[in-house]
Amino acid sequence: MSRTALRICPLCEATCGLTLTIEGTSVTGARGDRDDVFSKGFICPKGASFGAVDGDPDRLRTPLVRKDGELREATWEEAFDAVAAGIRPVVERYGPNSVGVVLGNPNVHTMAGALYPPVLLAGLGTRSIFTASTIDQMPKHVSSGLLFGDAGAIPVPDLDHTDHLLLIGANPLESNGSLCTAPDFPGKLKALRARGGTLTVIDPRRTRTAKLADRHLAIRPGTDALLLAAMAYTLFEEDLVDTGELAPHLLGIDELREELGDFTPEAVAGACDIDAGTIRTLARELAAAPTAAVYARIGSCTVPHGTLASWLVDVLNILTGNLDRPGGALFPQAATDRTPRPAGPSHGFALGRWHSRVSRYPEAKGELPISALAEEIDTATPEGEPIRALVAVATNPVLSVPDGDRLDKALDGLDFMVSVDPYLNETSRHADVVLPPPPPSQSPHHDFAFNTLAVRNQVRYNRPAVPLEPGRMAETEILARLILAATGMHGADPSAVDDLVIGQTLGKAVKETWSPVFGRDPKELSGLLTGVSGPERRLDMMLRLGPYGDGFGVRPDGLTLERLLAHPHGIDLGPLASRLPQPLKTRSGKVELLAQPIVDDLPRLRQALAERPDGLVLVGRRHLRSNNSWMHNVPALTGGTNRCTLHIHPEDAERLGVADGTAVRVKGAGGEVTAPAEVTDGVRPGVVSLPHGWGHDRPGTRLSHAAVDPGVNVNQLLDGSLLDPLSGNAVLNGVPVLLFPVKPATVSAL
């Protein structure tokens, strides 16, 4: 007999509500939940394929432990015994920094990935921390930290109310949005235009999003910061700056004007390949719009000036008075945020508190550049020990990080590696222990990270749609047991991890004068928590301590887990609203427009005014039917446009003798790959494009469908040496490459 169950989709950042059809314990269908308070029935091909993703026969069902050089099925007890035996001796002999931790972006799509890795990092005490953020979004975190004092304070465009939207290096019709959680992003863009608003897209490719726009400008890759700086210059030069109600909260506006003096539209036009008149028009239209928002994403982050570009996005929103303003860019308020502290000066944000051992890269937000992972493993230096053990959670850096071949070899040299992953993929095949989490239908779901980036405040929670399959272990328990095994508490009850966090959190909350539980007994509060598991009790605690919470009885109508469970389609918490100065955590208590690290990096941007690429440069691209390397093993999500081809403009193809569909050898600083050419005017001349996340042809994996059409690993064209210096983010776009047509092999007649 079939039944239905609700589930928030975990397959991209849009977090759409789904209605699953379930036969027995199998998900046989998925449609949009029309009653979901946030997504209102929207669904994309990934969500519609939830059942195929969930039921992939290549998902591991039991742990694997390496014995006599081979990974073999083992019991959970054997697996965690092996973890404790592998990690603790490394820590005790070489110190905590000899254990590296790598976290992939699927962690922010699960409850377990949000709740437990911070506890693991604190317990290990290691500084060898690497995440997907430094191949994706770290520039935005750093710019937010420098401007607002909080790396997590990221303003998002008020898509439902803005009159003018400027998108840079973003393709939400394919990505569904990024660092901007918005179900039906395409519909919101169409609604913007339908109500008479303006959409401008700046991108070297004529993406699906660009085709929808009023204006598309095919900028030269990597020059976004120059364009934005010239727009800001124009606002100052033409007396168009109007900060409105922001004025009392700003520090450094006069100094900002002086620092931008060299970035005239005429000076940047040649580098950007956008004429000066158009640049001035962009600035004027932004200033003249009743409300406006500038939004930029991965195309502007994964370039040499990623942090400066991210900073200038918010600078433009500030100079036009559109930051923290309905219709502009606003700070969301998630239900699990702590009750906001009073506004005022705070601790600020610091960069470079420590450095990587080999190349001395500075940390950012507590992380080292993931591009440095291989050298931190395979290179000895007089300063400190190399990484000898690795904990990898939901990550596949062999495919996602520059120079995967080097990392592939480095992983073989580790003393020990444990991977939490549902697949035996290009990275987890190196592990000594693989701990497979259950499929998403068997896990609870709440979006901690994405609700802090949502275009409307709301809260939703799903219990597992399908009971945990016999022999499987909940992902929350896997990570709790991993923490215990890695930190010297192997064998303790996994509930001890949740109890520890609850005790620490409540103990801190009762000492905060602005907290609703100030002065109360933490043990009494702990006893009031509800939920059927440790993770649910933690969620209940966070909701009750949050800005909409009941404060453990202080606000009787406030949020609790019980109230949320009574609203299976979620609870709407209202549109985004102005929040300044409360979100600011700078030392001054103001928006610091010109932090010293920005000043120190601007000379490098001035040098870029004279730079021009000699030949072809490479950019990536996103497909609607995939999310990095996750979904290439699902037949329903491959094929069609989701193919690993090299996009090349007809002019470049003719000049190089490249025909559509023929093989092309692409060579970069880190290596070379061969891919079929796809000749298209959707990419500007001088630019070629390969998608990210492919290259499923390494031996030892168990990805049967992905291996049929493996594609090539675009990141192998990079050697990992190109980084944005402020954030440590890898430069993945705008990198020079060489192209060589592959001549068909000739067969001699016998």
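Reader: Across which strands does helix H5 lie, and at about what angle does it run to E6?

Author: Happy to start there, keeping in mind that this is a predicted model. Helix H5 covers residues 117-124 and lies across E7, strand E6 (99-103) and strand E15 (389-393). Relative to E6, the helix runs at about 165°.

Reader: What is the order of the strands in the open sheet, and which are the edge strands?

Author: This open sheet has 7 strands with mixed pairing, in the order E5-E4-E17-E16-E15-E6-E7. An edge strand pairs on one side only, and that holds for strand E5 (70-73) and strand E7 (129-131). Ignoring direction, neighbouring strands here are turned by 20° against each other on average. The edge strands, then, are E5 and E7.

Reader: In which sense do E16 and E17 pair, and which residue of E17 does Ser-419 stand opposite?

Author: Strand E16 spans residues 416-420 and strand E17 spans residues 433-435; the two pair over 3 bridges in the parallel sense. Opposite Ser-419 stands Val-434.

Reader: Which residues of helix H25 are buried, and which helices do they pack against?

Author: Helix H25 runs over residues 596-607, and its buried residues are Ile-598, Val-599, Asp-601, Leu-602 and Leu-605. They pack against four partners: helices H6 (138-148), H10 (224-237), H11 (253-259) and H15 (306-319).

Terms used. Residues are numbered from 1 along each chain as its sequence is written. This is a predicted model: local features need pLDDT of at least 70, side-chain atom pairs count only at pLDDT 80 or more; totals for chains, interfaces and linings use all residues. Side-chain values use heavy atoms; hydrogens and water are left out. Buried means under 20% relative accessible area, exposed over 50%, partly exposed in between (1.4 Å probe, protein chains only). Contact means heavy atoms within 4.5 Å. Two strands pair if DSSP finds at least two bridges between them. Axes are lines fitted to C-alpha atoms, for helices over the stretch in contact, and angles run from 0 to 180 degrees between N-to-C directions.
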